[in-house]
Amino acid sequence: MVLADLGQRINNAVSSLTKNNVIDEKALDDMLKEICVALLESDVNVRLVSQLRNKIKTKVNLKEGAGHSKKRLIQKVVFDELCDLVDCHAEPYKPKKGRSNVIMFVGLQGAGKTTSCTKLAAYYKRKGFKTGLVCADTFRAGAFDQLKQNAIKANIPYYGLYTEPDPVKVAREGVDMFKREKFDIIIVDTSGRHQQEKELFSEMVEIADAVKPNQTIMVLDASNGQAAESQSKAFKEASDFGSIILTKMDGHAKGGGAISAVAATNTPIVFIGTGEHVHDIEPFSPKKFVSKLLGMADFEGLAELTESISSDTKESIMKSMQEGTINFKLLKEFLKMTMNTGMLSQLGASLPGLSGMLDSMNQDDTKEKMKSMMYIFDSMNEKELVSDGDLFKKQPSRILRIARGSGTSVMEVEQLILQLETMKPMLEGLSNSGLLGGMGKKGA
Ligand code: GDP
């Protein structure tokens, strides 16, 4: 079961309970049963599922409150407890400017270490840190080439040696070099190892002794299932990692095994990997994760994204919002803004309305789709741009004219019209949230 299905099942369980006229013990038990089965089928450890069930039961007092407030309470308790499931309440390490922060990566081979190293380096670079990459994986042939190619693409300085077989030496030299050059963040990639490989585990400890990381991050593949817990415990014993990056959250991961690993090692997830591209990384926050799981708009994620948008663009979007309606002009500005920041996939991930459309496309498809949308917008006249789609229902001949003018098909224009409908509730939420400069929609 993929995570989206899990969210859907939890949502269905909660909404069928809240649709009931009478909320009694049996209705609550039925909802809990459905939630628990869905979590177990997603590989969440049985002990955690039973804890969650008991906590929800204790917190929901069926004797108190009227129907409506009881429903709200149940929704809130389920949300809070799901957050608690992925939150170990430990504060992760935060790199500081003005010193060298050494971050070492560990994890199983194929977990996504090398890819995540570059993603993290690019993330910190965007935040203004001077960041370098060290390849201490001398075990896997081609590891250095892979890191080098990723680093060059992302324009990040790197260090590695083709001829030196000792990873401890390479790690030490690379870190020393970047320290001398006053880099803020030095990320050290190590070779992937299996739980049973004692030698590789002791090598990992030696690298750590040599580079003295401020933070060790374990990279964990979200699709590892139940095995994730024992793998994580083995790494925790050897490397005492302080945080986790969960990769491949875009795939068909059940994700529950990783959630159990967090609880077993009492270590926070700091980022999640959501694709193979360098920008496919998101800071993890339990609330954001659960909101997304349940298909709610992720305002925290949007807040971070909107930080990087120029004030001119924000102003023009706010102007559209102040005109009072969510219209094509606004959608156009919104999509333009995300194309410019190059962060379309993150935005899509934050907004259920958009993610549905983007999920089925790869990076190149997405770019093409965006281009066609822009051609469609360009073929709309002012009246059409400021409409919210109703105009096209009344006068469908406009659709044909726009399709011809933009060189797209009638179906593509219709899809865009539908897109506005789907995204309307979310854009209204964003408009009222003040994230784009603290100004709500007119009259809000
Ligand atoms: P390593 O052996 O741990 O260094 O793993 P790599 O970084 O080489 O990654 C193994 C494979 O997983 C590569 O094909 C990556 O492109 C892919 N990968 C890594 N992270 C993600 C992710 O978040 N999503 C997806 N879909 N693929 C990923």
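Visitor: How do strand 2 and strand 3 pair, and over how many bridges?
Guide: Strand 2 and strand 3 pair in the parallel sense, over two bridges. Strands count as paired here if DSSP finds at least two bridges between them. Strands (E, at least two residues) and helices (H or I, at least four residues) are DSSP runs, numbered from the N terminus.

Visitor: What kind of model is this?
Guide: This is a predicted model, in which local features need pLDDT of at least 70, side-chain atom pairs count only at pLDDT 80 or more, and totals for chains, interfaces and linings use all residues. Residue numbers start from 1 along each chain as its sequence is written.

Visitor: Back to the pairing. Which residue stands opposite Leu133?
Guide: Tyr158 in strand 3 stands opposite Leu133.

Visitor: And how is strand 2 joined to strand 4?
Guide: Six bridges join strand 2 to strand 4, and the two run parallel. Val134 stands opposite Val188 of strand 4.

Visitor: What holds paired strands together in general?
Guide: Strands of a sheet pair through backbone hydrogen bonds, either parallel or antiparallel.

Visitor: Is strand 2 buried or exposed?
Guide: Six of the six residues of strand 2 (residues 131–136) are buried, so the strand is largely enclosed by the rest of the structure. Buried means that 20 or more other C-beta atoms lie within 10 Å of the residue's own, exposed means 12 or fewer, and partly exposed is in between; C-beta atoms are placed from the backbone.

Visitor: Which residues of strand 2 point which way?
Guide: Thr131, Leu133 and Cys135 point one way, Gly132, Val134 and Ala136 the other way, and all are buried.

Visitor: What is the strand order of the sheet?
Guide: The sheet is open, with eight strands in the order 3-2-4-1-5-6-7-8 and mixed pairing. Strand 3 (158–159) and strand 8 (281–283) are its edge strands, each pairing on one side only.

Visitor: How do strand 7 and strand 8 run?
Guide: Strand 7 (residues 269–273) and strand 8 run antiparallel, joined by three bridges. Gly273 is opposite Ile281 in strand 8.

Visitor: What does UniProt place at residues 268–281?
Guide: An unreviewed UniProt entry places the feature "domain: SRP54-type proteins GTP-binding" there. UniProt positions are given in the numbering used here, feature names are shortened, and annotations may be inferred rather than shown by experiment. Over residues 268–281 the chain is 0% helix and 43% strand, with the end C-alpha atoms 16 Å apart.

Visitor: Now the ligand. How many residues surround it, and which are the closest?
Guide: 19 residues surround the ligand, and the closest are Gly112, Lys113, Thr114, Thr115 and Gly273. A residue counts as near if its C-beta atom, placed from the backbone, lies within 6 Å of the molecule.

Visitor: Which helix gives the most to that shell?
Guide: Helix 5 (residues 113–126) gives the most, with three residues. By class, the shell has two nonpolar, twelve polar and five charged residues. Ala, Val, Leu, Ile, Met, Phe, Trp, Tyr, Cys and Pro count as nonpolar, Asp, Glu, Lys and Arg as charged, and the others, Gly among them, as polar.

Visitor: New topic. Which residues of helix 1 are buried?
Guide: Leu3, Leu6, Gly7, Ile10, Ala13, Val14 and Leu17 are buried in helix 1. Seen down the axis of helix 1, they fall within an arc of 130°, so they line one face of the helix. The arc is that of the directions from the helix axis to the C-beta atoms. Exposed residues Ser15 and Lys19 are carried on the face of helix 1 turned away from its buried side.

Visitor: How far does helix 1 reach?
Guide: Helix 1 (residues 3–19) has 17 residues and reaches 24 Å from its first C-alpha to its last, close to the 24 Å expected. The expected span is 1.5 Å times one less than the number of residues.

Visitor: How far apart are Gly98 and Lys182?
Guide: Gly98 and Lys182 are 84 residues apart along the chain, and their C-alpha atoms are separated by 8.3 Å. Gly98 lies in the loop between helix 4 and strand 1.
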